[in-house]
Amino acid sequence: MSMNALEERLNGWFRAPWLIYHKPFEIVDHVYFVGNTWVSAFLLDTDEGLVLIDCAIQETLYQMIDSFYQLGFDPHDLKKILLTHGHFDHCGAAGSLQKMSGCEVWVGEGDGNFFTEHREWIAHEDRCPEFEVTGYYDYTKPIDLGNFRLEAVHCPGHTEGTTSFFFEATYRGERVNCAIHGGLGAGVLTDSNLEAMGLRKSLREDYLVSIEKVLDRPVDVVLPSHAGHPVGYDFFGIADSKPGAGDTFVDKGAWKRMLTAKRAEIVKLIENSKL
Ligand SMILES: [Zn+2]
């Protein structure tokens with residue numbers, strides 16, 4: 001989708017956020033989807049309290065709060081938000097959630113300046129109420145949440161500080177490897193967007209290197225940061241078919257399919273670049 005077409009759709013969603021509502025659902029034990037049909041947010045019920053990976057846009061905050069309650073949780077109990085990167089669609093609701101719960105907000109250090117001197121890099125920063133960044137990920141050690149240990153992996157490209165998460169969970173008595181790639185949108189890396197935003201063009205090479213870095217990881221359950229990131233993995237189709245159909249989110253090929261498709265896209269973008 002071109003940036004203009006996306007902007008047009010976005011403006012529609014800002015005015016009518018109920019158009020992208022999706023009911024919350026459990027993915028694997030203690031891991032829930034609480035995002036919308038455009039951008040994901042994942043809630044982890046951990047020994048250290050409630051933890052969100054991304055929190056979607058400010059306009060859908062009411063949906064997320066309702067999703068917490070539907071799942072039997074209280075949003076005031078939220079302890080941490082772990083952001084995959086600094087774009088508004090992943091952090092737009094963080095300011096309100098932090099006000100409501102006093103939660104910490106963590107981000108990759110590369111995106112730290114999104115919240116200081118480069119708020120324009122948030123994109124639609126006027127729709128992203130400010131929040132306090134608690135700290136930056138230490139990529140050398142896991143984030144220990146008791147029943148979950150998250151490995152944060154720096155995957156620069158989509159932004160400087162894009163961070164992916166890998167962790168084990170349980171599902172139907174089995175251990176499963178779950179993963180969320182922090183940022184796969186290649187549209188921000190077109191010549192015109194790089195120039196308009198004043199971003200370095202080598203972010204595209206970084207994107208490619210980041211994909212190679214995590215491509216061969218064994219992943220059983222893909223948590224898509226945007227469910228529209230395609231490649232044969234119908235996230236909501238699976239969610240809507242539950243319960244009873246025997247379907248699960250376990251798909252050992254999905255991670256590689258998703259990243260291989262994105263790798264082809266970025267290679268083409270680099271080949272066709274005029275910069
Ligand atoms: Zn983004």
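How many bridges join strand E5 to E6, and do they run parallel or antiparallel? Keep that in mind as you open the structure, which is a predicted model.

**Stop 1**

Select residues 78–82, strand E5, together with residues 104–107, strand E6. Three bridges join E5 to E6, and the two run parallel. Now show isoleucine 81. Its bridge partner in E6 is valine 105.

Stay on E6 and display its side chains. Val105 and Val107 make up the covered face. Glu104 and Trp106 are on the uncovered one. In a regular strand, side chains alternate between the two faces of the sheet.

Look for tryptophan 106: the residue opposite it in E7 is glycine 135.

**Stop 2: the zinc ion**

Select the zinc ion. Which residues coordinate it? Three histidines do: His85 through NE2, His87 through ND1 and His158 through NE2, at 2.1 Å. Along the sequence, the donors follow the spacing H-x1-H-x70-H. Histidine 87 sits in the loop between E5 and helix H3 (88–91), while histidine 158 sits in the loop between strand E9 (149–154) and strand E10 (163–171), so this pair ties together parts that are 71 residues apart in sequence.

Are histidine 87 and histidine 158 buried or exposed? Both are buried.

**Stop 3: the five-stranded sheet**

Move on to the open sheet that runs in the order E8-E9-E10-E11-E12. Its five strands have mixed pairing. Color residues 143–144, strand E8, and residues 221–222, strand E12. These are the edge strands, and each pairs on one side only.

Zoom in on E8 and E9. Two bridges join them, and they run antiparallel. Pick isoleucine 143 and look across to E9: leucine 150 stands opposite.

**Stop 4: the cavity**

Finish inside the protein. How many cavities of 30 Å³ or more does the structure hold? There is one. About 40 Å³ of space lies in the largest cavity.

To find the largest cavity, select its lining: Val34, Gly35, Asn36, Ala56, Thr60, Gln63, Met64 and Ser67. Color these residues by type. Three are nonpolar and five are polar.

Definitions and conventions
Residues numbered from 1 in each chain as written. Predicted model: local features only at pLDDT ≥ 70, side-chain atom pairs only at ≥ 80, totals over all residues. Heavy atoms only, no water. 1 Å grid on protein atoms, 1.4 Å probe; cavity = no way out; pocket = protein on both sides within 12 Å on 5 of 7 lines; lining within 4 Å. Points joined across faces, edges and corners; volume = space filled by probe spheres on them. Nonpolar A, V, L, I, M, F, W, Y, C, P; charged D, E, K, R; others polar. Buried < 20%, exposed > 50% of the residue type's maximum accessible area, 1.4 Å probe, protein only. Helix = DSSP H or I, 4+ residues; strand = E, 2+ residues; numbered from the N terminus. Pairing = 2+ DSSP bridges. Donors = N, O, S within 2.8 Å, 3.2 Å for Na, K, Ca; no water.
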